[in-house]
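Trainee: I have a model open and would like to learn how to read it. Could we take it feature by feature?

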Amino acid sequence: MAVQAIPSSHQVEIAILVKDTMSNSLTTLGGSPLLPEDPSRRTALVTTCAVGAVAGLGVAIPLVSTFQPSERAKAAGAPVEVDLGGLRAGEMRRVEWRGNPVWIVRRTPEMLESLKKTDPQVVDPKSEQYYQLKTPEYAKNQVRSIKPEYLVVVGICSHLGCSPSDKFQPGAQPSLPDDWQGGFLCPCHGSTFDIAGRVFKNKPASRNLDVPPHTYLSDTRLIVGEDKKA
Ligand code: FES
């Protein structure tokens, strides 16, 4: 003989609640051509709907319970701590803050030196304009950062919101000028940015990559989204 699973008391309560609710709703539709005339068929329809609804709840409850508060806090803009240990010179680390990509680049001396060459070629060398986030005072300099070695920027192009690609290798290459010093290329419409996230002149994007508020807790611990301690 087949053995049927016995529903928990919680499921039974939900089933009764849903059945009552749906029964009431269907009752208010009395005379509707959508409901069968036969009372036994009406009961079967209501029961089927209630069981289906409970089955739906059975799927939905685990999904809701896995949405942890920390994820909600992150989506709401909570600061993100980044461990910079292991990030080598010339490498980039990506984190997410407020649903946007934030890039941390550990720049080499050569990369920093290249900013002197790109300075006259960019639209806003002193970061007086901004896209969505006002440039923090500590980033209104040629390197656009607290520590020259580390660049911290939001990876969203100010033209139409694409996310640029890192193009750190200097020299001629497709879609880039022959005297390319290393930086970022937006693949959507070709805007280019130097290794401080400053947009070059005569490109679709008109603003530099935003610098988010950030601060350092130690030499290898960075907080993105908060700068009270800076
Ligand atoms: S979105 Fe970046 S150039 Fe258009």
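Trainee: Leaving aside neighbours within four places in sequence, which residues is Val-143 in contact with?

Mentor: This is a predicted model, so read each contact as a property of the model. Val-143 is in contact with Leu-112, Leu-115, Pro-148 and Ala-196, once neighbours within four places in sequence are set aside. Val-143 itself is found in the loop between α4 and β4.

Trainee: How far apart are Val-143 and Arg-198 in sequence and in space?

Mentor: They are 55 residues apart in sequence, and 9.6 Å separates their C-alpha atoms. For the chain as a whole, take the contacts between residues at least 6 apart in sequence: 55% of them join residues at least 24 apart.

Trainee: How many helices and strands does the chain have?

Mentor: There are four helices and nine strands. Along the sequence the pattern reads α-α-α-β-β-β-α-β-β-β-β-β-β.

Trainee: What is the order of strands in the open sheet of three?

Mentor: The general idea is that strands of a sheet pair through backbone hydrogen bonds, either parallel or antiparallel. Here the order is β2-β3-β4, and the pairing is antiparallel. β2 (92-97) and β4 are the edge strands; each has a single partner, so one side of each has no neighbour in the sheet. On average, neighbouring strands of this sheet are turned by 20° against each other, direction ignored.

Trainee: How many bridges join β2 to β3?

Mentor: Six bridges join these antiparallel strands. Arg-94 has Trp-103 in β3 as its bridge partner, and Glu-96 stands opposite Pro-101 in β3. The two strands form a hairpin with two residues between them, and Arg-98 in the turn has a positive phi of about 55°.

Trainee: Where do Ser-127 and Ser-175 lie?

Mentor: Ser-127 is in the loop between α4 and β4. Ser-127 is buried, because 23 other C-beta atoms lie within 10 Å. Ser-175 lies in the loop between β5 (165-167) and β6 (183-185). Ser-175 has 12 other C-beta atoms within 10 Å, so Ser-175 is exposed.

Trainee: What share of the residues in the chain is buried?

Mentor: Buried residues make up 22% of the 230 residues.

Trainee: Which residues touch the most other members of the largest nonpolar core?

Mentor: This core has 25 residues, and those touching the most other members are Val-102, Ile-104, Leu-151, Val-152, Val-153, Ile-195 and Val-224. Two or more residues each come from β3 (100-106), α4 (109-118), β4 (150-154) and β9 (221-224). β4 gives the most, with four residues.

Trainee: What is Ile-195 in contact with, leaving aside its neighbours within four places in sequence?

Mentor: The contacts of Ile-195 are Arg-107, Met-111, Ser-114, Leu-115, Leu-151, Gly-182 and Gly-183. Leu-115 is also one of the contacts of Val-143, where we began.

Key. Residues numbered from 1 in each chain as written. Predicted model: local features only at pLDDT ≥ 70, side-chain atom pairs only at ≥ 80, totals over all residues. Core = buried A, V, L, I, M, F, W, Y, C linked by C-beta atoms within 7 Å. Buried ≥ 20, exposed ≤ 12 C-beta atoms within 10 Å, placed from the backbone. Contact = placed C-beta atoms within 7 Å. Pairing = 2+ DSSP bridges. Axes fitted to C-alpha atoms, helices over the stretch in contact; angles between N-to-C directions.
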